[in-house]
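Welcome! Let us take a walk through this structure together, with a look at its surface and its pockets.

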Amino acid sequence: MLAYVFWHRPGDGVDPNEYEEGLRAFHRSLDYRSAAFRLEQLPFGTGGGYEDWYLVEDWSALGDLNQRAVDSRHRPRHDQVAAGTARGWGGIYELVRGAGGVPRATRWLDKPLDEPSDRFLASLGEGTIWRRQLVLGPAPEYCAEAAEAAGRVAV
């Protein structure tokens, strides 16, 4: 299972309620498991924004999602949100272990360079773990499901 995670910030002067309603409408229109969250703090850099999760079974389905998100049925909802977005960053993550759902709470981590992956993963406990597959920006290397969603609200 793969997750496309997209972080974004609305532009100055964009109404947050309209932006979030556009996000909800876009996610509802897709035939994929997905969710959007408002974050007090992005997992990189400074400041808040939004985090969208899109779950697919494999790389082929990721291509389908990419095409479907802007096809004639979904383009109006996509473009409404995109028009209000000032910046965006993405990452593709593979499920390493655990349940294949959108995490309700997250811990974003980078493995120390000198630590073997198996030892690092063991140090994270038994929960769900996602690992970045492609570097598409400042996305952290790992996502571990967390116990509580401090600063993260479902949209």
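Predicted model: local features only at pLDDT ≥ 70, side-chain atom pairs only at ≥ 80, totals over all residues.

## From the surface to the pockets

You can find Leu136 in the loop between β6 (129-134) and β7 (142-145). Leu136 also belongs to a nonpolar patch on the surface, which it forms with Trp59 and Leu134. Together, these three residues have about 290 Å² of accessible area.

Now let us turn to the empty space. Rolling a probe the size of a water molecule over the atoms shows where such space is left. The largest pocket holds about 410 Å³ of it. Its lining is made up of 18 residues, and Tyr4, Phe6, Tyr54, Ala69 and His78 are the closest to the pocket's centre.

Where do the residues of this lining come from? At least two are supplied by each of the strands β1 (2-10), β3 (49-56) and β4 (85-97), and at least two by each of the helices α1 (16-29), α2 (59-68) and α3 (75-84). Sorted by class, the lining of the largest pocket has 13 nonpolar residues, four polar ones and one charged one.

Next comes the second largest pocket, with a volume of about 150 Å³. Here 14 residues form the lining, and those closest to the centre are Leu39, Gln41, Thr106, Ala150 and Arg152. How many residues of each class line the second largest pocket? Seven are nonpolar, three are polar and four are charged.

Notes
Residues numbered from 1 in each chain as written. Heavy atoms only, no water. 1 Å grid on protein atoms, 1.4 Å probe; cavity = no way out; pocket = protein on both sides within 12 Å on 5 of 7 lines; lining within 4 Å. Points joined across faces, edges and corners; volume = space filled by probe spheres on them. Helix = DSSP H or I, 4+ residues; strand = E, 2+ residues; numbered from the N terminus. Nonpolar A, V, L, I, M, F, W, Y, C, P; charged D, E, K, R; others polar. Patch = residues over 30% accessible without salt bridge, like charges linked within 9 Å, V, L, I, M, F, W, Y side chains within 5 Å. Areas by Shrake-Rupley, 256 points an atom, 1.4 Å probe, with all protein chains shown as cover. Salt bridge = Lys/Arg side-chain N within 4 Å of Asp/Glu carboxyl O.
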